[in-house]
Amino acid sequence: MPTEDVQPRPAHELPRIPVALSTSSVYPLGVAEGFSIADDLGYDGVEVMVTHRSESQQASTLNELSWRFGLQVMAIHAPTLLLTQQVWGSAWDKLKRSAALAQEVGCGVVVAHPPFRWQVGYAESFAEGIAELEEETGVVFAVENMYPWRAGGREATMYLPHWDPVDQPYPHVTWDFSHAATAESDSYEAVGALGQRLRHVHLTDGWSNGFKDDHLIPGQGEQRVAEAMQLLAKPDFAETGFTGVVAVEVATRTARNVGDRERWLAESLAFARKHLGQE
């Protein structure tokens, strides 16, 4: 760790499209390790995945890490995953507390998954509810693309109103390339279709295997990730240019050799810099 606190870089010193590291990329390591690795490798900031771990839920801890490593928290990922259903109570409480955490750490974006079909009451009013939360809090809720669940040749309806946010009335969207691969979606076309609604990106990759969410290093799957990043980097993208953050979200839990995790995350950052024209 650094021997003294370092003030986070102000926005005007960051690239036009900052590249953050999602703390989910260092799992099973914790939030502090995520900040440390992001700092060592030269990332512009951090996306914090809220989990069962208390340090991911506490603004005081996140602010201390932000100052210690000189990295902004650029997004909060709400605990809306299947594995975090017990974190922070009800579905609406999860979003409200995520917004409060985002405000306390000084970031303006919360990433949220679409509702599960069994979340009665929440699912039916989800689009209207997040619009109200945005107005109340000033925090952007960027709804993430997911994928259909398939088994035995059949497709199960897991998300309502749909796993694909492109045709839904969400003003802000997060696009995940691995989820797109599982869904057999074309990310390049989706990025273009979303335009100004695209507020956040999970940079990764995957294969259209029908059921597995790979979260590979970008460029190691079959998605048109490079082309999508190049499109995003155009100053006239969606007329005014992309104003969000690209967050690397790759799976490193299979790393076995010393330095593998860091090497994979360095490769992912280099990919982002190259195709965003930041080299």
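Mentor: The crossing of α6 and α7 is right-handed, meaning that the near helix is turned clockwise from the far one by less than a right angle. The model is a predicted one, in which local features need pLDDT of at least 70 and side-chain atom pairs count only at pLDDT 80 or more, while totals for chains, interfaces and linings use all residues. Residues are numbered from 1 along each chain as its sequence is written, and side-chain values use heavy atoms, with hydrogens and water left out.

Helix α6 covers residues 187–194 and helix α7 residues 225–233; they pack at an angle of about 20°, with their axes 8 Å apart. Because of that angle, α6 counts as roughly parallel to α7 (under 35 degrees). On the α6 side the contact (heavy atoms within 4.5 Å) is made by Tyr188, Val191 and Gly192, and on the α7 side by Glu227, Ala228, Leu231 and Leu232. Helices here are DSSP runs of H or I with at least four residues, and strands are runs of E with at least two, numbered from the N terminus. Axes are lines fitted to C-alpha atoms, for helices over the stretch in contact, and angles run from 0 to 180 degrees between N-to-C directions.

Helix α6 also lies across two strands, β8 (173–176) and β9 (198–203), and runs at about 170° to β8. Both strands belong to a barrel of eight, closed in the order β1-β2-β3-β4-β5-β8-β9-β10 with parallel pairing. Neighbouring strands of this sheet are turned by 30° against each other on average, direction ignored.

Alanine 20 stands opposite glycine 45 in β2, and leucine 21 opposite valine 46. Five of the five residues of β2 are buried (under 20% relative accessible area, 1.4 Å probe, protein chains only). Gly45, Glu47 and Met49 point one way from β2, and Val46 and Val48 the other way.

Back towards the helices, serine 178 is found in α5 (residues 177–183). Its relative accessibility is 0%, so serine 178 counts as buried. The side chain of serine 178 reaches the backbone nitrogen of histidine 215 at 2.8 Å. Leaving aside neighbours within four places in sequence, serine 178 is in contact with Thr204, Asp205, Gly206, Asp213, Asp214 and His215.

How values were computed
Buried < 20%, exposed > 50% of the residue type's maximum accessible area, 1.4 Å probe, protein only. Polar contact = N/O pair within 3.5 Å; in protein donor to acceptor, adjacent residues only side chain to side chain. Pairing = 2+ DSSP bridges. Parallel < 35°, antiparallel > 145°, perpendicular 65-115°, else oblique.
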